[in-house]
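Hi everyone, thanks for coming.

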Amino acid sequence: MITLHNVSKQFESFEAIKDVSLSIKSGEIYGIIGASGAGKSTLIRMMNYIERPDEGSVVIDGEALDQVKHKRIRHIRQSLAMVFQGYNLVGNKTVYDNVAVPLELSKVPKRDRAERVLESLRFVGLETLKNQYPGQLSGGQKQRVAIARALVNNPSVLLCDEPTSSLDPNTTAEVLDVLKRINERLGVTIVIVSHEMEVIKSLCQRVTVMADGQVYDTVENNPTGVQHMEHSAAGFVERLRSGGDANDS
Amino acid sequence: MIPDVLIEYQSEIWVSIGETFIMVGFAILAALLVGLPIGTFLFLCRKGQLLENQIAFSSLNLIVNLIRSFPFLLLVIFMIPFTRFVMGTAIGTAAATVPMMIIASAHYSRLVEQSLLDAPKGVLEAAVSMGASIKDIIFKFLYVEARSALVLSMTTSTISFISYSTIMGVVGGGGIGDFAIRYGYQQFRTDLMIYVIIIILVFVQFIQYAGITLARKIDKR
Ligand SMILES: Nc1ncnc2c1ncn2[C@@H]1O[C@H](COP(=O)(O)OP(=O)(O)O)[C@@H](O)[C@H]1O
Ligand SMILES: [Mg+2]
């Protein structure tokens with residue numbers, strides 16, 4: 001589904017991603033965990049080519065993104081929807097209009113939009129808030145609107161960059177539950193980046209541990225795998241426990 | 001209620017107000033049709049923005065700065081050959097719209113560039129992630145998020161345009177400012193000048209109020 005072949009990325013002289021390869025299978029929930037600054041955001045943004053690797057290639061469903069035209073990349077992005085830590089909703093559009101945006105972009109006729117927007121909002125349980133503006137919603141509600149917006153174009157993949165990192169534990173559970181249902185009921189592949197072990201453990205089938213722009217390890221989310229992950233991520237977990245910069249941006 | 005002197009000169013005053021409307025109206029038109037795209041392009045060419053382009057940014061930025069830092073009266077005089085080339089004459093209200101449109105484009109473009117910073121970066125990133133084209137990003141995200149700031153900027157610009165228009169008498173552009181100078185000052189009708197200034201002040205206050213009210217109304221964030 002998504003394959004990264006030896007991708008690297010530099011910002012000025014700083015190597016943010018160093019020769020990373022990984023492969024995400026269709027239908028799975030794939031986690032990427034690592035401390036703040038490990039390069040997780042840069043990596044997930046490479047998957048829809050918002051960030052271009054300096055070296056290596058990104059392959060989506062057999063298509064190498066460095067081989068296709070920009071227009072094609074824009075088209076591919078419509079099926080790799082993204083969810084952000086900061087929600088990134090358009091503050092001057094209602095919930096309904098926010099969710100309708102991807103349909104506008106992909107030129108779905110206006111008369112077909114309403115049903116899909118409402119269906120998407122129903123899926124995240126926010127149909128009743130359709131006429132509100134994002135500024136009137138709680139963080140958890142905003143993130144669910146963002147998820148509804150991501151879903152509305154029937155994407156095959158959801159790329160989630162720290163989707164719950166601004167939320168309290170209860171709301172986090174709600175959002176994770178929505179993501180799980182999306183995967184189970186709609187068969188959408190999910191890639192989720194987080195620095196929170198709990199989030200990854202409760203959701204993912206496979207997990208990649210990142211540190212300093214590199215892949216440390218990729219494990220299955222089962223007791224042996226988790227043990228392995230916690231061991232290999234010891235340094236990073238250590239930093240979290242000692243109250244280091246657990247927050248990400 | 002209405003002072004006699006205003007009634008005495010009312011036909012001249014109406015003509016002058018009409019001339020001001022023409023000059024300011026065309027300035028607003030140029031601000032929207034030229035200033036807005038230039039300001040948007042300037043913004044997008046900035047470092048870290050979607051069309052990041054140092055050369056395009058610097059050259060356009062230089063032109064805008066040059067026009068804006070030119071003392072306006074001198075710009076009008078300096079532009080006379082150009083105005084004559086474009087309009088066939090450099091004298092009159094129609095000719096006066098030419099320098100007005102030039103300064104208006106430069107003035108508003110700078111304010112647009114600043115206003116667009118009001119659109120959160122994350123929203124633009126979301127737009128890119130949805131596969132939006134540049135055109136869609138501009139019209140469906142950038143302008144939507146920055147619309148209040150754009151309206152406020154237009155309010156500020158319009159008030160400046162009124163101020164600029166008051167000197168257009170030097171090229172026979174007329175207008176309410178020119179009326180105040182010719183009748184009020186040169187013919188020692190100080191009362192007339194004061195009434196005309198009051199008319200301008202009321203007008204500017206109204207524009208300011210309308211702009212702020214509209215900007216507030218469309219801001220849902
Ligand atoms: N556009 C950029 N310019 C310069 N440095 C960047 C940029 N984006 C990310 N970085 C740097 O790359 C490193 C990895 O960033 P990021 O991928 O955001 O990490 P994470 O999401 O794991 O916290 C950080 O040190 C960050 O400062
Ligand atoms: Mg990050």
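**A walk through chain B**

Okay, from the N terminus onward, the elements of chain B go α-α-α-α-α-α-α-α-α-α-α. That's eleven helices and zero strands. Before I go on, keep in mind that this is a predicted model. For a sense of scale, the C-alpha atoms of chain B fill a box of roughly 65 × 40 × 25 Å along the principal axes.

Now, helix packing. In general, you describe two packed helices by the angle between their axes and by the distance between those axes.

Who's touching whom? On the helix 2 side we have, among others, B:Met23, B:Ala27, B:Ile28 and B:Leu36, and on the helix 9 side the residues include B:Leu150, B:Met154 and B:Phe161. Sorted by class, this contact has eleven nonpolar, three polar and no charged residues.

Helix 2 of chain B also packs against helix 3 of chain B, residues 54–69. Here the angle is about 140°, with the axes 9 Å apart. Helix 2 and helix 3 of chain B are therefore oblique to each other. Left-handed or right-handed, this crossing of helix 2 and helix 3 of chain B? It's left-handed. In this contact, B:Ile38, B:Phe41, B:Leu42 and B:Cys45 from helix 2 meet B:Ala56, B:Phe57, B:Leu60, B:Asn61 and B:Val64 from helix 3. Those residues divide into eight nonpolar, one polar and no charged.

How many residues of chain B are in contact with chain A? The number is 20, and they touch 21 residues of chain A. The size of an interface is often given as the accessible area lost when the parts come together. Between chain B and chain A, about 1900 Å² is buried, and carbon and sulfur atoms give 59% of that.

There are also two salt bridges between chain B and chain A. You can look for one joining the side chains of A:Glu104 and B:Lys140, at 3.8 Å from N to O.

Note on methods
Residues numbered from 1 in each chain as written. Chains lettered and ligands numbered in written order. Predicted model: local features only at pLDDT ≥ 70, side-chain atom pairs only at ≥ 80, totals over all residues. Heavy atoms only, no water. Contact = heavy atoms within 4.5 Å. Helix = DSSP H or I, 4+ residues; strand = E, 2+ residues; numbered from the N terminus. Nonpolar A, V, L, I, M, F, W, Y, C, P; charged D, E, K, R; others polar. Buried area = accessible area lost by both parts, 1.4 Å probe. Salt bridge = Lys/Arg side-chain N within 4 Å of Asp/Glu carboxyl O. Axes fitted to C-alpha atoms, helices over the stretch in contact; angles between N-to-C directions. Parallel < 35°, antiparallel > 145°, perpendicular 65-115°, else oblique. Left-handed = near helix turned anticlockwise from the far one by under 90°.
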